[in-house]
Amino acid sequence: MTTNELKLRTKNFSILIINLVEKLPNSIAGKTIANQIIRSGTSVGANYRAVCRARSDREFISKMNIVLEEADETMFWLELIIDRKWFDENEVSNLLDEGNQLTAIFVSSLKTVNTRIGNSKI
């Protein structure tokens, strides 16, 4: 997958998160989770763009770890939404699947760069 394809994919993930947030309940819990997931979910794409501008392997690793943290946080909020049964699981499953795929891509990228520079941490 090219950098531009992954930029587009993370942007589309952000759009899907925004669409989901607009359908969350207008309760205290719904608003709180909406605020959290829109921040983390859209941050995945925004921070991935910063990864693409990294000037060194170390900077790439640092920025990619932020992307990975934001993706993982987004997955947490999606799991809560499913557990709360605010949506049918099928409505959120594609988003959850895409988040897991993106997370796997980010982990793989981190492993590749860490191996190249001789760093054993992800």
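Four salt bridges are present in this structure, which is a predicted model. One of them pairs Glu98 with Arg9, whose closest N and O atoms lie 2.6 Å apart; since Glu98 belongs to helix H4 (residues 89-117) and Arg9 to helix H1 (residues 3-21), the pair ties together parts that are 89 residues apart in sequence. Glu98 is buried, at a relative accessible area of 15%, and Arg9 also counts as buried, at 18%.

Two further salt bridges involve Glu59, with Arg55 as one partner and Lys63 as another. Lys63 and Glu59 are four residues apart in helix H3 (residues 57-84), and about one helical turn therefore separates them. Through shared partners, salt bridges join Arg55, Glu59 and Lys63 into one network.

| Salt bridge | N to O distance |
|---|---|
| Arg9 and Glu98 | 2.6 Å |
| Arg55 and Glu59 | 3.0 Å |
| Lys63 and Glu59 | 3.8 Å |

Turning to the fold, the protein contains four helices and zero strands, arranged along the sequence in the pattern α-α-α-α. Its radius of gyration is 15 Å, close to the 14 Å that the globule rule gives for 122 residues, so the protein is as compact as a globular protein of that length. Of these 122 residues, 40% count as buried, and among contacts between residues at least 6 apart in sequence, 72% join residues at least 24 apart. The protein carries 16 positive and 15 negative side chains, and the centres of the two sets are 8 Å apart.

Technical notes
Residues are numbered from 1 along each chain as its sequence is written. This is a predicted model: local features need pLDDT of at least 70, side-chain atom pairs count only at pLDDT 80 or more; totals for chains, interfaces and linings use all residues. Side-chain values use heavy atoms; hydrogens and water are left out. Helices (H or I, at least four residues) and strands (E, at least two) are DSSP runs, numbered from the N terminus. The radius of gyration is taken over C-alpha atoms; the globule rule is 2.2 Å times the number of residues to the power 0.38. Buried means under 20% relative accessible area, exposed over 50%, partly exposed in between (1.4 Å probe, protein chains only). Contact means heavy atoms within 4.5 Å. Lys and Arg count as positive and Asp and Glu as negative; His and the chain ends are not counted. The place of a charge is taken as NZ of Lys, CZ of Arg, CG of Asp or CD of Glu. A salt bridge is a side-chain nitrogen of Lys or Arg within 4 Å of a carboxyl oxygen of Asp or Glu.
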